[in-house]
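Good morning, and thank you for coming. Please have the sequence and the structure in view as I speak.

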Amino acid sequence: MGYIREYYEQIVKLKESEWTFIARHFHRKVFAKNKVITQHGETEKYLSFIESGLVRFYIPDDEYGYTFSFGFEKEFTCAYDSFLTQTPSEYEMQALTETVVWQISYNDLQQVYNHTNVGNHLGRFASEKLFLAKSKREMSLLKLTARERYLKLFTEQPEMLRLVPLKYIASYIGITPQALSRIRRQIN
């Protein structure tokens, strides 16, 4: 739980009483490699902080599905639109490695928001961060070529290239694994 406090305290200093109240609403859970955490059609019930591991978000379809996002260590993650609206998810969230998370339920998060001022501040910060990342990705898909998107990963998200299998990188940048192989050969 110390990582969650560190994450929060990058934004705002917590009083001990606030941290105690927030911390008691989180519960630790471990997901095995390749385990689907949130199923398509299931309502997201938890906001999760990734202590260790890696998750991907994808729309199930063919062999790999359409990967559109990843969650890394020391980040909050969930099927956020489903979580906010408490409606079924249009996609899945899967652990790509053994993944340890600290989860807070939707109802418990509402209690944190209602009983602490800092909870609302932290919630707004997390929401804004998710929105900005989503907006940046959408602009990348609209304005850049596949090669430019791949090269941009080198400078902005090098950990993704190190940790994520290439088949999911290809899907993430909107191309086939074969097209990604051609791009990688051209660069080398």
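I shall speak about the salt bridges and then about the sheet and its helices.

First, a word on the source: this is a predicted model, in which local features need pLDDT of at least 70 and side-chain atom pairs count only at pLDDT 80 or more, while totals for chains, interfaces and linings use all residues. Residues are numbered from 1 along each chain as its sequence is written, and side-chain values use heavy atoms, with hydrogens and water left out.

Let us begin with charge. Side chains of opposite charge can pair when their charged atoms come close. A salt bridge here is a side-chain nitrogen of Lys or Arg within 4 Å of a carboxyl oxygen of Asp or Glu. How many salt bridges does the structure hold? There are 8.

One of them joins Arg5 to Glu9, with the closest N and O atoms 3.3 Å apart. Both residues belong to helix H1 (residues 2-9) and sit 4 residues apart, about one turn of the helix. Helices (H or I, at least four residues) and strands (E, at least two) are DSSP runs, numbered from the N terminus.

Glu9 also meets Lys13 in a salt bridge, at 3.8 Å from N to O.

Is Arg5 buried or exposed? I call a residue buried under 20% relative accessible area, exposed over 50%, and partly exposed in between (1.4 Å probe, protein chains only). Arg5 has 18% relative accessibility, so it counts as buried. Glu9, at 30%, is partly exposed, and Lys13, at 64%, is exposed.

In helix H6 (residues 146-156), Lys152 and Glu156 also lie 4 residues apart. Their side chains form a salt bridge of 3.8 Å, N to O. Lys152 is partly exposed at 29%, and Glu156 is partly exposed at 38%.

I turn now to the sheet. Four strands form an open, antiparallel sheet in the order E1-E8-E3-E6. Its edge strands, each pairing on one side only, are E1 (27-31) and E6 (76-77). Two strands pair if DSSP finds at least two bridges between them. Strand E3 (residues 46-52) and E6 are joined by 2 bridges, and Ser48 stands opposite Thr77 in E6.

H1 packs on this sheet, touching E3, E6 and strand E8 (99-105); contact means heavy atoms within 4.5 Å. The direction of H1 makes about 105 degrees with that of E3. Axes are lines fitted to C-alpha atoms, for helices over the stretch in contact, and angles run from 0 to 180 degrees between N-to-C directions. Helix H4 (residues 106-115) packs on the sheet as well, touching E3 and E8, at about 65 degrees to the direction of E8.
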